[in-house]
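I opened this structure to look up a few places in it, one after another. The entries below are my notes.

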Amino acid sequence: EKGGYKHFMHKEIWEQPRAIADTLRGRMLLSEGDVHFDTWNLAAEQVKSFTKVTILACGTSWHSGVAGKHMIESLARLPVEVELASEFRYRDPIVEKSHLVIAISQSGETADTLGAFKEAKRLGAHTLAICNVIGSAMTRESDLHILTNAGPEIGVASTKAFTTQLVTLYLLAVKLGRMRGTLSVEAAQEHLTQLTQVPKMIEDVLKCEPQVKRVAREFMNAQDFLFLGRGPMHPVALEGALKLKEISYIHAEGYAGGEMKHGPIALIDEKMPVVVLAPKHPHVAYEKIIGNIEEVRARGGKVIAVIDEDDAQADSLADHVIRIPAASALLAPVVATIPLQLLAYHVAEMRGNDVDQPRNLAKSVTVE
Ligand code: F6R
């Protein structure tokens with residue numbers, strides 16, 4: 001059932017064009033500039049009355065929440081807080097009836113997320129669950145749920161669940177923006193048009209695999225990795241580092257580029273590979289991230305830059321480049337995640353690790 005792949009994770013990485021197409025199917029109303037979720041039950045008045053969104057999640061799903069914050073704040077102009085579910089539960093959180101609380105979970109069963117979600121509901125918030133598993137606990141506990149439609153994810157390290165969460169959050173941001181009147185029909189149409197191109201873009205970016213394998217071979221014995229990204233690319237850096245840790249057992253950290261000089265720069269020496277997410281957008285502070293590349297190089301660190309395919313400037317600065325198709329600032333996280341998944345996969349595979357069943361990890365964390 002691995003369809004010719006050695007591991008489920010590899011198969012699931014390659015399934016992403018199809019998974020994302022399934023997430024989008026039937027939900028984009030291009031001519032109306034609107035989004036349709038068949039479960040949707042919120043009236044415009046209610047959506048307009050929301051004063052805040054709180055996103056609750058763990059692990060990879062928390063990373064998609066951080067990217068979702070950028071989407072919802074930018075399109076629906078609602079303040080969004082992204083909380084680690086395990087912290088939220090135990091800290092007397094501020095929850096009001098005017099808050100929309102969103103749980104993001106592949107399994108829909110993660111104990112910490114479910115516990116935090118129930119607490120938010122008890123305190124009177126309106127609750128929305130974004131899950132991949134139909135009929136899971138969170139979909140049953142919520143006032144409203146939206147499925148990510150990625151299909152079953154078997155590999156313990158989450159891949160297609162993450163990118164389909166990103167796309168679902170994008171759809172949700174468009175929906176909220178339309179209902180709140182912060183997004184015009186034309187602007188929504190533009191966002192939806194971009195979304196229709198994502199499956200094809202993922203197909204294109206998967207072609208970077210041979211290049212990623214070369215990078216994996218060169219750095220498979222590194223002891224540490226640093227991942228840097230700014231704005232919507234920051235959660236991608238966090239996710240790249242988490243994937244590598246989980247399955248290769250190499251220590252890795254994800255950082256917002258601007259934080260580098262506040263500490264992690266001390267780690268950089270000629271043994272340190274630094275993956276820099278540098279698609280060309282003002283929103284991801286392209287010029288500043290180029291500055292980060294120069295800072296790493298000046299200290300002998302090895303830069304692996306993920307860049308737009310037509311970017312000659314970053315190309316000339318980095319030791320290795322991985323080219324991705326140019327995408328809008330809010331979609332670049334979806335596209336740029338793919339090479340990082342492949343990097344983690346190939347490093348782990350070259351090290352002979354059990355990729356689908358990494359040590360100490362469970363697919364669904366149903367204990368606290
Ligand atoms: C990462 C991973 C975990 C999960 C986390 C939340 O690859 O698999 O970090 O993302 O345990 O799981 P869900 O999304 O099922 O709530």
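**Entry on Arg-77.** I began with Arg-77, which lies in the loop between α4 and β4 (80-84). The model is a predicted one, in which local features need pLDDT of at least 70 and side-chain atom pairs count only at pLDDT 80 or more, while totals for chains, interfaces and linings use all residues. Residues are numbered from 1 along each chain as its sequence is written, and side-chain values use heavy atoms, with hydrogens and water left out.

I looked up the backbone of Arg-77 and found phi near 50°, a positive value in a residue other than glycine. I noted this because most residues other than glycine have a negative phi. Is Arg-77 buried or exposed? Arg-77 counts as exposed because its relative accessibility is 59%. The classes are buried under 20% relative accessible area, exposed over 50%, and partly exposed in between, with a 1.4 Å probe and protein chains only.

**Entry on Tyr-249.** I then looked up Tyr-249, which also is not a glycine and has a positive phi of about 65°. Tyr-249 has its place in the loop between α12 and β9 (251-256). Its relative accessibility is 26%, so Tyr-249 counts as partly exposed.

Where does the ligand sit? I found the ligand in the largest pocket. A pocket here is an open set of points on a 1 Å grid over the protein atoms alone, where a 1.4 Å probe fits and protein lies on both sides within 12 Å along at least five of seven lines. A molecule sits in a pocket if more than half of its atoms lie within 2 Å of the grid points.

I counted 13 residues around the ligand, and the closest are Ser-61, Ser-105, Gln-106, Thr-110 and Glu-246. Which helix gives the most to the shell around the ligand? That is α4, with 3 residues. I noted that α4 (59-76) and α12 (234-248) each supply at least two residues of the shell.

Next I looked up polar atoms facing the ligand. Ser-61 has a polar side-chain atom 2.6 Å from an oxygen atom of the ligand. For Lys-243, a polar side-chain atom lies 2.9 Å from an oxygen atom of the ligand. In Glu-246, an N or O atom of the side chain is 2.7 Å from an oxygen atom of the ligand. The ligand on its own has 410 Å² of accessible area, and the protein covers 90% of that. These areas come from the Shrake-Rupley method with a 1.4 Å probe.

**Entry on Ser-107.** I placed Ser-107 in the loop between β5 (99-105) and α6 (111-122). Ser-107 counts as buried because its relative accessibility is 8%. Its side chain makes a polar contact with the side chain of Ser-105 at 3.5 Å. A polar contact is a pair of N or O atoms within 3.5 Å; within protein, one must be able to donate a hydrogen and the other to accept it, and residues adjacent in sequence count only if both atoms are side-chain atoms. The side chain of Ser-107 also reaches the backbone nitrogen of Glu-109 at 3.2 Å. Not counting residues up to four places away in sequence, Ser-107 touches Val-133, Ser-136 and Ser-364. Contact means heavy atoms within 4.5 Å.

**Entry on Asp-224 and Ala-252.** I found Asp-224 in strand β8 (residues 224-229) and Ala-252 in strand β9. Asp-224 counts as partly exposed because its relative accessibility is 27%, whereas Ala-252, at 1%, counts as buried. The side chain of Asp-224 makes a polar contact with the side chain of His-251 at 2.7 Å. Ala-252 is 5.0 Å from Ala-241, C-alpha to C-alpha, and the two are 11 residues apart in sequence.

**Entry on Asn-41.** The side chain of Asn-41 reaches the backbone oxygen of Asp-143 at 3.0 Å.

Technical notes. Helices (H or I, at least four residues) and strands (E, at least two) are DSSP runs, numbered from the N terminus. A residue is near a molecule or strand if one of its heavy atoms lies within 4 Å of it. On a 1 Å grid over the protein atoms alone, a cavity is a set of points where a 1.4 Å probe fits but cannot get out, and a pocket is an open set with protein on both sides within 12 Å along at least five of seven lines; lining residues have an atom within 4 Å of a point.
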